[in-house]
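Student: Could we go through how the helices of this model are described, setting each value against its definition?

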Amino acid sequence: MNRGLDAAEAPPISVGQLTNNQIIIRLTYTVDHLSRWLSPVHDDARLTRSAQRSEPSAKDLMIRMRDEGLRVFPMIYAMATQDRPDLDLLPPVVRTEEDLAWDRQAVVLEIMSEFRRLRQSTTSVLRSLPDDAWKRDGLSRIEHDWTIRSLAEHLLLHDVRLLGEMDHALERAGARAGIARLSQARLTELLRLAP
């Protein structure tokens with residue numbers, strides 16, 4: 001059996017060598033990879049349960065990807081529309097009890113749809129910027145200063161790490177049993193498609 005990638009085994013991406021357009025394409029591909037893996041799985045239990053208690057399920061990982069997008073998008077948008085914004089003044093992303101209750105009952109594809117809409121907004125902002133605008137920065141004393149480029153790179157690395165974990169989680173949970181071979185493509189294969 002073909003073994004998946006653990007997050008630590010994901011091939012290193014030299015994000016500093018990628019062009020801005022290549023980063024946008026890779027960020028877009030994340031949605032494609034998730035759709036390829038998750039859409040054919042009709043037994044939601046295989047996506048919501050992990051093989052071991054200490055490991056996250058595919059749903060847990062999808063929520064983490066969405067939540068990181070919710071955290072990063074306002075910062076990118078602020079830097080794209082303001083001159084050196086104070087990122088500490090942005091309202092923190094806090095999931096209410098109602099939001100958490102929705103997360104618990106939602107099927108994975110609903111959470112993936114939220115992530116898709118959020119990622120489309122993020123890549124839309126990035127595509128609208130000329131290359132020199134990617135150097136725009138935002139200030140933060142709580143975390144650290146960011147540029148649009150450094151946040152885009154952060155999202156890309158976060159994607160690869162969690163896609164590696166999801167690849168492993170899907171394999172361990174048996175979620176790929178009985179689905180089309182195309183939808184069983186492993187992360188190493190999919191990363192070769194990116195420029």
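Student: Why are α3 and α4 called oblique to each other?

Tutor: Angles under 35 degrees count as roughly parallel, over 145 as roughly antiparallel, 65 to 115 as roughly perpendicular and the rest as oblique; helix α3 (residues 58-81) and helix α4 (residues 97-105) pack at about 140 degrees, with their axes 11 Å apart, and α3 and α4 are therefore oblique. Lys-59, Ile-63 and Arg-66 of α3 make the contact with Trp-102, Asp-103, Arg-104 and Gln-105 of α4, where contact means heavy atoms within 4.5 Å. These residues of α3 and α4 divide into 2 nonpolar, 1 polar and 4 charged, counting Ala, Val, Leu, Ile, Met, Phe, Trp, Tyr, Cys and Pro as nonpolar, Asp, Glu, Lys and Arg as charged, and the others, Gly among them, as polar.

Student: On what basis do the model and its numbering rest?

Tutor: The model is predicted, and local features need pLDDT of at least 70, side-chain atom pairs count only at pLDDT 80 or more, and totals for chains, interfaces and linings use all residues. Residues are numbered from 1 along each chain as its sequence is written, while side-chain values use heavy atoms, leaving out hydrogens and water.

Student: What makes α1 roughly parallel to α6?

Tutor: The axes of helix α1 (residues 20-38) and helix α6 (residues 148-173) come within 10 Å and cross at roughly 25 degrees, which makes α1 roughly parallel to α6. The residues in the contact of α1 with α6 divide into 11 nonpolar, 3 polar and 5 charged.

Student: And what makes α3 roughly antiparallel to α6?

Tutor: Here α3 and α6 pack at an angle of about 175 degrees, with their axes 10 Å apart, and that makes α3 roughly antiparallel to α6. By class, the contact of α3 with α6 has 17 nonpolar, 2 polar and 6 charged residues.

Student: How do you know that Arg-176 lies over the face of Trp-37?

Tutor: A charge sits over a ring if NZ of Lys or CZ of Arg is within 6 Å of the ring centre and within 35 degrees of the ring normal; Arg-176 is placed over the face of Trp-37, at 5.3 Å from the ring centre.

Technical notes. Axes fitted to C-alpha atoms, helices over the stretch in contact; angles between N-to-C directions. Helix = DSSP H or I, 4+ residues; strand = E, 2+ residues; numbered from the N terminus.
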